[in-house]
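Please open the model in your viewer and keep the selection panel at hand. The tour moves from the whole chain to single residues.

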Amino acid sequence: MVVGMRKRTYEASEAAKREICAALKSLMAQKPLNKITVAEIMQSCGMVRQHFYYHFVDIYDAVRWMFDQEAVALLREHEGVMLWQDGLLQLFQYL
């Protein structure tokens with residue numbers, strides 16, 4: 001019972017992080033990162049400001065998490081299909 005609850009909590013936390021980062025990414029398409037505030041991000045995704053700090057230390061921490069997640073997903077997507085050099089090149093092109 002406790003393990004199932006932890007898994008749901010983890011999944012909810014990951015979903016919230018993805019939602020926050022999607023809002024951040026959308027704002028980054030509109031203006032420079034240094035002009036984006038936590039309040040704007042959270043307003044954009046419909047959450048209260050305090051939820052941001054539950055998941056991230058600051059905006060740069062959210063950016064790091066977002067790129068970590070996307071980089072790992074990109075590498076897994078092509079795992080075993082291409083040479084590691086090609087995968088790394090594709091990752092750098094994405095970044």
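A residue is called buried when its relative accessible area is under 20%, exposed when it is over 50%, and partly exposed in between, with a 1.4 Å probe and protein chains only. By that criterion, 29% of the 95 residues in the protein are buried. The model is predicted, so to speak of local features pLDDT of at least 70 is needed, side-chain atom pairs count only at pLDDT 80 or more, and totals for chains, interfaces and linings use all residues. Residues are numbered from 1 along each chain as its sequence is written, and side-chain values use heavy atoms, with hydrogens and water left out.

Next, select helix 1, residues 2–28, and pick out E14 within it. Because its relative accessibility is 12%, E14 counts as buried. Leaving aside residues up to four places away in sequence, E14 touches W65 and Q69, a contact being heavy atoms within 4.5 Å.

Then move to helix 2, residues 38–45, and select its buried residues, V38, I41, M42 and C45. Viewed down the axis of helix 2, these fall within an arc of 90 degrees, so they line one face of the helix; the arc is taken over the directions from the helix axis to the C-beta atoms. Finally, step on to G46, which follows helix 2 and has a positive phi, near 75 degrees.

Note on methods. Helix = DSSP H or I, 4+ residues; strand = E, 2+ residues; numbered from the N terminus.
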